[in-house]
Amino acid sequence: MADLKVTYDATADAAYVYFTDPQVQALSSHTYPCDPVAVDGMINLDFDDQGRLIGIEILDARAKLPAYMLDSAEHLDADGA
């Protein structure tokens, strides 16, 4: 199983789960916002120019993702907490 890169910004309570090869910089060319009512929040799917899913942005991440995932994520906020 591939290891996924996860980043987390506690100040914004936002996480990003990457589905790309860490050696390759993929650029998002299209973002699909999931229905905020249906998912009870904001979750965005990012696609590259070939239509491949490259990542998911999750806002209100503490409520949406398991704590172990956020605790082990790369922290982007200033305090690193």
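**Pocket, salt bridges and one asparagine**

The largest pocket holds about 200 Å³ of space. Please keep in mind that this is a predicted model.

Which residues line the largest pocket? They are Lys 5, Tyr 16, Tyr 18, Thr 20, Asp 21, Pro 22, Val 24, Gln 25, Ala 26, Ser 28 and Ile 54. Sorted by class, that lining comes to six nonpolar, three polar and two charged residues. Lys 5 and Asp 21 are the charged members of the lining.

Lys 5 takes us to the next topic. How many salt bridges does the structure hold? There are three. As background, side chains of opposite charge can pair when their charged atoms come close.

Lys 5, from the pocket lining, pairs with Glu 74, and their closest N and O atoms are 3.9 Å apart. Lys 5 has a relative accessible area of 41%, so it counts as partly exposed. Glu 74, with 42%, is also partly exposed.

The second pair on my list is Asp 48 with Arg 52, whose side chains meet in a salt bridge at 3.2 Å, N to O. Here the two partners fall into separate accessibility classes. Asp 48 has a relative accessible area of 10% and is therefore buried, the cut-off being under 20%. Arg 52 is partly exposed, at 49% relative accessibility.

The remaining pair is Arg 62 with Asp 71, where the closest N and O atoms are 3.7 Å apart. Arg 62 is partly exposed at 40% relative accessibility. Asp 71 reaches 53%, so it counts as exposed, given that exposed means over 50%.

Last, the asparagine. Is Asn 44 buried or exposed? Asn 44 is buried, because its relative accessibility is 10%. Asn 44 sits in strand β4, which covers residues 43-47. Its side chain makes a polar contact of 2.9 Å with the side chain of Glu 57. Setting aside neighbours within four places in sequence, Asn 44 touches Thr 31, Tyr 32, Pro 33, Gly 55, Ile 56 and Glu 57.

Terms used
Residues numbered from 1 in each chain as written. Predicted model: local features only at pLDDT ≥ 70, side-chain atom pairs only at ≥ 80, totals over all residues. Heavy atoms only, no water. Salt bridge = Lys/Arg side-chain N within 4 Å of Asp/Glu carboxyl O. Buried < 20%, exposed > 50% of the residue type's maximum accessible area, 1.4 Å probe, protein only. 1 Å grid on protein atoms, 1.4 Å probe; cavity = no way out; pocket = protein on both sides within 12 Å on 5 of 7 lines; lining within 4 Å. Points joined across faces, edges and corners; volume = space filled by probe spheres on them. Helix = DSSP H or I, 4+ residues; strand = E, 2+ residues; numbered from the N terminus. Polar contact = N/O pair within 3.5 Å; in protein donor to acceptor, adjacent residues only side chain to side chain. Contact = heavy atoms within 4.5 Å.
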